[in-house]
Amino acid sequence: MSNRPSASKIAHYFIHVRLLPSGRLKKIEIPAAKAFLQRQFPELTEAMISVEASHSKTIALSHPQIQSRFVQMMRSVSDLDTPEQISEATLAECCLRCFISHHIALVCIELERRFREQSGLRAVNVLPYVLSDTDPLKSKLDYEKSYQKKHQADGNASKNYKFQAPLAIHITRTFDPNKGTLAAWTKLLTSQHRELNCILVEHGIHPRTDWSILNSYSPTRVRRLLAGILTAAEIQLMCVVLESYHAVYRQARRQTHQAGKPCKDPDQDQLEAMVCDLQQRGIEGYSPEQVMQTLRFLALQLRHKRLELGKSEDSLQRYQPHASVEEQEQALFSHDQQEVLRECLDQAVQQVLDAHLDRLRQQNPLKAAKKLPKDQVFLEAMRLFYCEGKSMTEIAQKIGRQKEYQVSRILALKTLREQVRQPWHRLTCARIARLLAGYVDSEQLTQHQQQIEQLITLQIDQIIAEDRINAYRRQRTAHTLFAESFRCYLGAVIHSS
């Protein structure tokens with residue numbers, strides 16, 4: 001998705017969404033914010049920032065450019081600055097809070113869309129708790145004074161007095177433009193809001209906890225998702241800690257038949273067991289508190305990353321209020337099965353491509369030393385096809401071939417897919433059988449063995465067919481499971497060579 005906003009979306013920086021006592025949402029223009037936006041970005045004409053601006057017309061500026069400028073202005077101000085500078089910082093924050101109000105409202109509307117039919121949840125049930133910023137020009141201190149004054153007037157000022165600033169203020173104060181977009185950060189913090197989640201629980205909708213997220217991610221997937229965000233050493237450490245967590249916490253849930261029930265925080269004994277497990281894996285010096293901090297940090301990174309990618313695995317997971325433990329276990333098993341399918345594909349691709357490259361290296365003739373070795377030609381062709389989405393004609397030009405069919409022969413995709421199919425099926429069947437052992441007894445496993453293998457065959461056939469069809473499209477998608485696995489392999493081989 002492009003970060004270049006349409007002309008109509010520019011208005012989000014000076015239109016504030018508020019909740020009326022009736023429960024309806026009202027959009028209110030903030031003239032001072034509109035004038036400030038145009039002063040900061042003179043290239044925005046009056047027509048561009050009009051509320052009625054065309055949805056199709058795009059702006060040269062991007063959301064990150066606008067948001068970074070406002071954050072910098074908001075955070076560089078001090079008490080020693082002039083009133084004009086302080087006023088501009090206030091207006092910069094106002095623009096950000098206007099933008100945030102739109103996305104908080106969208107989160108609540110989406111919750112209603114997803115859950116109203118079965119749970120009766122409506123946006124108005126949660127909006128008062130998260131859309132509480134009644135005036136984006138009002139500071140946190142102003143809100144606190146108003147709150148204190150109201151409680152003193154009501155005679156309610158007590159030892160239990162606790163002020164909580166509007167969520168929009170918290171979002172602006174914690175937002176880092178270098179780590180993602182304001183829209184994604186708003187969705188994340190809104191979804192994690194404590195009072196919002198209390199309302200969801202009352203409606204039979206259970207928040208997806210950090211522990212539920214960590215249970216559903218494999219180290220392989222963590223490496224894929226966090227590549228380029230953390231260093232290689234940091235990712236490796238996170239994966240080792242995740243493996244330790246799985247060995248202790250997730251295994252304990254399965255042994256005690258807790259699968260499908262909300263995940264509670266790891267207890268002290270489990271954290272200490274993770275410390276011992278880490279020591280056996282060669283990681284020394286960790287305390288239970290540090291393990292907990294590392295796990296929470298990893299869960300936060302995974303939440304944020306998935307929100308950025310716009311995947312369906314968002315930060316809320318609904319459990320059917322009347323579902324049995326068996327039905328919930330089946331849902332969890334289905335999720336684990338997809339992870340197994342991914343991991344076994346990665347292993348099969350590595351086996352097949354390693355063997356294929358070895359054969360090509362043996363075919364490199366000594367007399368053709370001036371030519372690029374066959375294994376390097378193959379890797380470059382694969383990289384251009386799967387990583388850059390180049391056509392056969394474009395690949396031929398880049399690797400020194402004349403015809404498309406020559407590239408097709410080098411890639412040999414049909415043969416590679418069939419070679420990957422056999423170990424992929426074998427590895428997956430074995431892993432699924434071990435996974436099922438945690439859910440059913442050995443007699444049931446034996447009875448359903450053939451049916452399980454047939455289902456796995458069907459899934460693998462569908463995924464291979466998807467990649468085969470995708471290869472012939474003019475505009476290929478980069479998100480097929482096969483393409484992801486090939487890209488992951490190519491990235492590791494090319495960077496290590």
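The model is predicted, so to speak plainly about its limits: local features need pLDDT of at least 70, side-chain atom pairs count only at pLDDT 80 or more, and totals for chains, interfaces and linings use all residues. Residues are numbered from 1 along each chain as its sequence is written, and side-chain values use heavy atoms, with hydrogens and water left out.

**Overall fold**

- The protein comes to 22 helices and 2 strands, where helices (H or I, at least four residues) and strands (E, at least two) are DSSP runs numbered from the N terminus.
- Of its 497 residues, 44% count as buried; buried means under 20% relative accessible area, exposed over 50%, and partly exposed in between (1.4 Å probe, protein chains only).
- Take the contacts (heavy atoms within 4.5 Å) between residues at least 6 apart in sequence: 70% of them join residues at least 24 apart.
- Accessible areas come from the Shrake-Rupley method with a 1.4 Å probe, and for residues only the protein chains shown count as cover.

- Helix α17 spans residues 392-399, and M392, I395, A396 and I399 are buried in it.
- Seen down the axis of α17, these buried residues fall within an arc of 105 degrees, so they line one face of the helix; the arc is that of the directions from the helix axis to the C-beta atoms.
- The buried residues of α17 pack against α16 (374-387) and α18 (404-411).
- Q397 and K398, on the other side of α17, are exposed.
- After α17 comes G400, which has a positive phi, near 80 degrees.

**A nonpolar surface patch**

- L25, L106 and I109 form a nonpolar patch on the surface, with about 250 Å² of accessible area together.
- Patches are made of residues with over 30% relative accessible area and no salt bridge; like charges are joined within 9 Å, and nonpolar side chains (Val, Leu, Ile, Met, Phe, Trp, Tyr) within 5 Å.
- L106 belongs to helix α4 (residues 83-119).

**Salt bridges**

- The structure holds 21 salt bridges, each a side-chain nitrogen of Lys or Arg within 4 Å of a carboxyl oxygen of Asp or Glu.
- In one of them, E110 pairs with R113, and the closest N and O atoms are 2.6 Å apart. The two are 3 residues apart in helix α4, separated by about one helical turn. E110 is partly exposed at 31% relative accessibility, whereas R113 is exposed at 60%.
- R296 and D265 meet through their side chains in a salt bridge of 3.3 Å, N to O. This pair links distant parts of the chain, 31 residues apart: R296 is in helix α14 (residues 288-309), and D265 is in the loop between α12 (232-255) and α13 (268-280). R296 counts as partly exposed at 35% relative accessibility, and D265 counts as partly exposed at 46%.
- E388 forms a salt bridge with R383, with 2.5 Å between the closest N and O atoms. The relative accessible area of E388 is 40%, which makes E388 partly exposed.
- A network of salt bridges links E93, R97, D133 and R173.

**Cysteines**

- With a disulfide taken as a pair of cysteine sulfur atoms within 2.5 Å, the count comes to 0.
- For C98, the closest cysteine sulfur is that of C94, at 4.3 Å, which is too far for a bond.
- C98 is buried at 0% relative accessibility, and C239 is buried with a relative accessible area of 1%.
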